[in-house]
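Q: I am new to this structure and would like to learn how to read its features. Please show it and take me through them.

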Amino acid sequence: MRISGPLMDRIDLRIEVPAVTAADLILPPPSEGSAEVAARVAAARDIQLARYAAAGMPHIRTNAEAPASLLETIAQPDSQGQKLLRDAAETMKLTARGYHRVLRVARTLADLDRAEKIGRLHLAEALSYRALAEDLRRAA
């Protein structure tokens with residue numbers, strides 16, 4: 001609650017993790033296990049590695065390391081995603097850093113889905129990871 005705005009702006013994922021309840025333990029196992037998740041993450045990393053090597057930047061391995069100028073090219077959302085991002089940037093008062101952080105996370109989510117283009121769903125999820133912290137900061 002006492003973290004400054006510029007520091008919070010540097011944090012990509014901000015989520016609240018509630019305690020596990022007894023009812024949660026009774027639920028059926030998740031449809032995707034740890035091995036499947038690890039395989040998707042490895043595939044997304046390979047996609048990112050190949051993307052940056054093809055762009056002549058083999059020293060960059062992940063979306064998190066990409067410079068903003070390159071990010072503008074590789075993380076262009078589709079038209080619906082662009083509208084959502086524009087509206088969210090105004091509503092959430094995203095800084096330039098915050099805007100690029102959302103694009104990085106959305107590009108990673110699209111990579112996990114093996115999608116060429118960032119869609120509205122990817123951007124909505126990336127924005128949701130910032131929304132909780134924005135609500136907490138306003139409440140403080």
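Q: Against which helices do the buried residues of α3 pack?
A: They pack against α4 (68-74) and α6 (96-112). Helices here are DSSP runs of H or I with at least four residues, and strands are E runs of at least two, numbered from the N terminus. This is a predicted model, in which local features need pLDDT of at least 70, side-chain atom pairs count only at pLDDT 80 or more, and totals for chains, interfaces and linings use all residues. Residues are numbered from 1 along each chain as its sequence is written, and side-chain values use heavy atoms, with hydrogens and water left out.

Q: Which residues of α3 are buried?
A: Buried means under 20% relative accessible area, exposed means over 50%, and partly exposed lies in between (1.4 Å probe, protein chains only). In α3 the buried residues are A43, A44, Q48, R51 and Y52. Viewed down the axis of α3, these residues fall within an arc of 165°, so they line one face of the helix. The arc is taken from the directions from the helix axis to the C-beta atoms. On the other side of α3, the residues A35, D46 and A54 are exposed.

Q: How is the span of helix α3 checked?
A: The expected span is 1.5 Å times one less than the number of residues. For the 21 residues of α3 (residues 34-54) that gives 30 Å, and the end C-alpha atoms are 30 Å apart, which agrees.

Q: How is the packing of two helices described?
A: Two packed helices are described by the angle between their axes and the distance between the axes. Axes are lines fitted to C-alpha atoms, for helices over the stretch in contact, and angles run from 0 to 180 degrees between N-to-C directions. The axes of α3 and α6 come within 8 Å and cross at roughly 115°. The crossing of α3 past α6 is right-handed. A crossing is right-handed if the near helix is turned clockwise from the far one by less than a right angle, and left-handed if anticlockwise.

Q: Which residues meet where α3 and α6 are in contact?
A: Contact means heavy atoms within 4.5 Å. From α3, R40, V41, A44, I47, Q48 and R51 meet R107, T108, D111 and L112 of α6. Among the buried residues of α6 are R107 and D111, along with others including L103 and A110.

Q: Is T62 buried or exposed?
A: T62 is buried, at a relative accessible area of 10%. T62 sits in the loop between α3 and α4. Apart from neighbours within four places in sequence, T62 contacts R45, Q48 and Y52.

Q: How many helices and strands does the protein have?
A: There are seven helices and zero strands. Of the 140 residues, 31% count as buried. Of the contacts with a separation of 6 or more, 64% are between residues 24 or more positions apart.
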